[in-house]
Amino acid sequence: MLPEYYYLTLSAILFSMGAMGVLIRRNAIIIFMSVELMLNAANLAFVSFARMHATINGQIFVFFVMAVAAAEVAVGLALIVAIFETKQSIDIDQMNSMKG
Amino acid sequence: MLLSDVGATGFQFFALVPLILIFPLLGLLINIAFGSRMQEKQIGWVASGAVGLTFIISFLQLVSLGIHPEGTVIRLADWITIANLNLHWGIKVDTLSVTMMLVVSGVGFLIHVYAIAYMHDDVRINGDPSRYQRFFVFFNLFILAMMILVSADNYLMLFVGWEGVGLCSYLLIGFWYDKGKDGIGNALAGKKAFITNRIGDFGFLLAAFTIFGLFHSFEFDEIFPQIKQVATVLPYGILFITVFMLLGVTGKSAQLPLYVWLPDAMAGPTPVSALIHAATMVTAGVYLIARSYPFYAVMPEARTLVSWVGALTALFAATIAVGQFDIKKVLAYSTISQLGFMVTAVGMGAFTAGMFHLVTHAFFKALLFLSAGSVIQGVERGLHAQLHHKGGLQEDHHLDPQDMRNMGGLRTRMPTTFWVYLIGALALAGIVPLAGFWSKDEILLNASNIDKRIYWILAVAAFFTAFYMARQIFMVFFGEPRTDAVAHASESPQLMTIPLIVLAALAGFGGFLNLPHIETFGHWLEHTIEYKPLTVLGEEMPPFSLQVAGMSTLLALLGIGIGYWLYYILVQKSLRGEPQAYKDPLESALGPVFSVLNHKYWVDELYGVLVIHPYQALSQWLADVVDWRFWHDWFHDTVIAGTFKKGTKLLAVQIDLGIIDATANGLARLTNWSSGQLRRVQTGYVRNYAMAVFIGVVFILGYLIVILK
């Protein structure tokens, strides 16, 4: 049985990769995938802590996160499709009309 | 008034007395509200009816007083209640006030009826028929004010009436305010009357305030019993009251030195002259002294002053009347002179004689004025007929219908007017047995027993009275007509002549009210005026003196005789059938003396030089230099406005622009600049925002880890 901090370290690495992906990439789909990666890193952390403390709370929270992530995917993909239909592109740097 | 009071016999009529105020008020309200939709006759009869009903109520008071001669006071309402000042609207019913009520409403009624016809023509001659309604509203208002004056039970209510009649006098003198000399003459005459009366009113007010100061009351019934006692302690207080009351009297009753307004007041329509400026309002001063008789009873010095003022006025005005050519001006000076007789009488303490002359004078002077009005309109009609006949404007178009030099021969053309005028003139001249003889004789009798000097002054005035009336009668009614207009004159309508005939009857028989030895009127007034004059020797006044009566009759006949000789025989001789060459024989005989009389001793000019011009110069100086240049130009413009301008400039430029605006603008610029800097943060790239969030989260987490460890 591996100690829990292995999982936590993996979770931190995955979260950092996701965060870097969100900050660096310009493709909306990739950014989206990076966000999913961050969410699942968080899920992994929840599950690890649940195990560590031998409580069920963390595992229940993961279900909520998955439900939220599913809803987010539905909304997010719909937005991307709508943007693509108007702009013929999903390059996120082109969507800067809110510039000050 | 409670109904239970009505039980006693005769009392019920006293309860009706408020109606003497209500009827004229109703009359004027009806004419104000509906007059413009009514016909002239209706307006006139509403006004006359109101006064007629007032007369009936006054007559019922007379009936009640026959049973209860002590009279009563009817309280209508509280007026002013402040500390120890308790004023009521009260009506005093006693023999004196009812005498005045009867004269005012009786003569007033006849004059109202006369005015129905007179004003019908007058408004057409003057070219504004819409003023007919206004005339009767003013006329009823006058009756109302006069009734307040005579029925007052306190000095302040009397003053309300006193000012009310003054107002009506002003309104009616200036009735044709757009006529007269330079289109403003009548308005100026009204102004003169009003201002002159204000001087008198000032005296009245001072007297009234002093009365309140000494007696703590305005009511006659509270003041009079205390006078004897106060007079022993404060004789100068009483003297002050009587002298300033006399000033009020000289204003209202046109005595020296304030008489100057009355001749000018003839600018009003003739019924106004008859009612206000001969029969009623101008006698208010005499009534005031008679009403205040207890003051004068304890002050012989004041009585002497009053009687001298009256006597000098009587003579002074009578001589002026001799030199006048305007038919109404002669009567105006005659009125001043006769008022002088009355004032002399009440000044001597002969209150009964004064009031008696007041009553008879109201009859015959109203008669004379109304007849003069009839003559004037007769001439106007003649003028109109002549213009119509010749069909064009003549030089006579500007003929003055009041100038006696233009008249002559009206006896045959206006017979009724002539006869009533003759009766009035003889009554005024004092020919037995007409009214004026009895009343004037009583005054002369009193004078002869009190002060011989005053008696002789009055006797000479009586001689002039007879003379100027004879002069007027012969100039107007006898000889040949001196202008075509007069030749075409015609008699006035019946509505005018019937009141004249009634007044002529009163002027004829009015003297029988107070025959010597019987003295109905004297005993009647005794219930109110308890004072009786004594002769110089301290004896009781004899009821009649053949010597005095004979003397005054002789003087009157002499005056008429000279008038007849000068203005009939001499004139007939000199003219020889050429009436246009008429010249006043007295003018040729007396020359410069006549000119002095004709110019009224230049009193108006004297007042002009002494009072009016300096006063106007002073007002001019105050207005131009003090008010305009100093006060307006310098003080207001330079000091106040200049300082204000400088102050506001300081506030506007230095404070407002320099501090407040600068602060606000600075804030705006700061905001503008900083937002310009900050807007660069808003790149529009999602990545940057995510980065910001990320860094924020790292900071917060770091903080939590570091701090909470």
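With 6 C-beta neighbours inside 10 Å, His517(B) counts as exposed in this predicted model. His517(B) is placed in the loop between helix 23 and helix 24 (520-526) of chain B, and although this residue is not a glycine, its phi is positive, at about 75°. A positive phi is likewise found at Tyr601(B), another residue other than glycine, where the angle is near 60°. Tyr601(B) belongs to the loop between helix 27 (592-598) and helix 28 (603-678) of chain B, and with 14 other C-beta atoms within 10 Å it is partly exposed.

Cis peptide bonds also occur in loops of chain B. The bond from Leu256(B) to Pro257(B) is cis, with omega near 0°, and Pro257(B) lies in the loop between helix 10 (235-252) and helix 11 (261-264) of chain B. The bond that leads from Val432(B) to Pro433(B) is cis as well, with omega near 5°, and Pro433(B) is located in the loop between helix 19 and helix 20 (435-450) of chain B. As background to these backbone features, most residues other than glycine have a negative phi, and most peptide bonds are trans.

The packing of helix 19 against helix 23 was examined next. The axes of helix 19 (residues 415-429) of chain B and helix 23 (residues 494-509) of chain B come within 9 Å and cross at roughly 25°, which means that helix 19 of chain B runs roughly parallel to helix 23 of chain B. The crossing of helix 19 of chain B past helix 23 of chain B is left-handed. On the side of helix 19 of chain B, the contact is made by Thr416(B), Val420(B), Ile423(B), Gly424(B) and Ala427(B), which meet Thr497(B), Leu500(B), Ile501(B), Ala504(B), Ala507(B) and Gly508(B) of helix 23 of chain B. By class, this contact of helix 19 with helix 23 of chain B comprises seven nonpolar, four polar and no charged residues.

Ala425(B), also placed in helix 19 of chain B, counts as buried, with 28 C-beta neighbours inside 10 Å. When neighbours within four places in sequence are left aside, Ala425(B) is in contact with Leu368(B), Met469(B), Gln472(B) and Ile473(B). By C-alpha to C-alpha distance, Ala425(B) and Gly538(B) are 36 Å apart in space, with a separation of 113 residues in sequence.

The largest nonpolar core contains 216 residues, and those with the most contacts inside it are Ala366(B), Leu367(B), Leu458(B) and Ala507(B). Helix 17 (residues 351-390) of chain B gives the most to this core, contributing 19 residues. Apart from this core lies another, of six residues, among them Val22(A), Ile31(A), Phe32(A) and Ile92(A). Not counting residues up to four places away in sequence, Ala507(B) touches Phe363(B), Phe364(B), Leu367(B), Ile423(B), Gly424(B), Ala427(B), Leu434(B) and Ala435(B).

Helix 13 (residues 284-291) of chain B is mostly covered, with eight of its eight residues buried. The buried residues of helix 13 of chain B are Ala284(B), Gly285(B), Val286(B), Tyr287(B), Leu288(B), Ile289(B), Ala290(B) and Arg291(B).

Between the chains, the contact takes 10 residues from chain A and 12 residues from chain B. By class, the side of chain A that touches chain B has five nonpolar, three polar and two charged residues.

How values were computed:
Residues are numbered from 1 along each chain as its sequence is written. Chains are lettered from A and ligands numbered from 1 in the order in which they are written. This is a predicted model: local features need pLDDT of at least 70, side-chain atom pairs count only at pLDDT 80 or more; totals for chains, interfaces and linings use all residues. Axes are lines fitted to C-alpha atoms, for helices over the stretch in contact, and angles run from 0 to 180 degrees between N-to-C directions. Helices (H or I, at least four residues) and strands (E, at least two) are DSSP runs, numbered from the N terminus. Angles under 35 degrees count as roughly parallel, over 145 as roughly antiparallel, 65 to 115 as roughly perpendicular and the rest as oblique. A crossing is left-handed if the near helix is turned anticlockwise from the far one by less than a right angle, and right-handed if clockwise. Two residues are in contact if their C-beta atoms, placed from the backbone, lie within 7 Å. Ala, Val, Leu, Ile, Met, Phe, Trp, Tyr, Cys and Pro count as nonpolar, Asp, Glu, Lys and Arg as charged, and the others, Gly among them, as polar. A residue is buried if 20 or more other C-beta atoms lie within 10 Å of its own, exposed if 12 or fewer, and partly exposed in between; C-beta atoms are placed from the backbone. A nonpolar core is a set of buried Ala, Val, Leu, Ile, Met, Phe, Trp, Tyr and Cys residues joined through C-beta atoms within 7 Å.
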